[in-house]
Amino acid sequence: GTFSNASLATACVSCPEGSFSDASSRLIPHGGASRCLSCPLGRVPGEEECEACRAGTFASYAPNTNGGVCVDCRKGEYSEEGWTACVTCAEGESTPAEASAGAESCRPFCREGLRGNGGVEPCNDCGFGTYGGRNGSLTCDLCPPGSFSSLPAASSCFLCPPGSYAPLPGASACVLCPAHSFSSSPGGVACTLCPQDDRLLSLGLLNLSDASLLLSSIYTEVFEGVAAEAQEGVVR
């Protein structure tokens, strides 16, 4: 809007930010405005009158302090139309994004092992080779090299058992050490070649003294939780 409070003015002046003119004509004195009006809290200047801030935004300024615009609610907050402030969601809940409208926008966080838009319900399982180690995850993390996840909705990854390795992130299973190589520690990212005259006798053997132990038995122990606890095999 515009106004003029001077005699013999040759032009009207724009109203300051955060205010408006209710005049419908630029002619003076017929309908002309000699002053600008400030909008009440929760409303901002429109073309000819104050307008309510839409749901998901707010206006709580004193006149002219925020430019007369509605401000988006932050993520985890919501508002209704014309509100002067946003309300924070209850503990354990958040909104999918900023500028969320209404209390129904608040949703429970996705639990560990799950991911969702904005980290809230509806949630999806983390896939093989990934994990969700915290509540409210937007995405799932890849298992780091030397570890794997072979179950959906995993909240952590397991270290590769001795005799196997995972060279890249995101493994859903560890690779057995090939013949003539070994890995004697959990969490291997590569296998070590045996000396020329001390080659191992089968795949996935731990070291020369364990040449009769097959890696499949170790995998069985991992899934039963024995090897995982013994080797502290949970990584996040």
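Which cysteine does a disulfide join to Cys143? The partner is Cys157, with an S to S distance of 2.0 Å; a disulfide here is a pair of cysteine sulfur atoms within 2.5 Å. The model is predicted, so local features need pLDDT of at least 70 and side-chain atom pairs count only at pLDDT 80 or more, whereas totals for chains, interfaces and linings use all residues. Residues are numbered from 1 along each chain as its sequence is written, and side-chain values use heavy atoms, with hydrogens and water left out.

The link of Cys143 and Cys157 is left-handed, with -85 degrees about the S-S bond. Cys143 and Cys157 are both buried, where buried means under 20% relative accessible area, exposed over 50%, and partly exposed in between (1.4 Å probe, protein chains only).

The structure holds eight disulfides. Another of them is formed by Cys110 and Cys123, whose sulfur atoms are 2.1 Å apart. Its S-S torsion is about -95 degrees, so this disulfide is left-handed. Cys110 is buried at a relative accessible area of 0%, whereas Cys123, at 25%, counts as partly exposed.

Strands are DSSP runs (E, at least two residues), numbered from the N terminus, and two of them pair if DSSP finds at least two bridges between them. Two bridges join E9 (residues 77-79) to E12, and these strands run parallel. Ser79 has Ala101 as its bridge partner in E12.

Note on methods. Helices (H or I, at least four residues) and strands (E, at least two) are DSSP runs, numbered from the N terminus.
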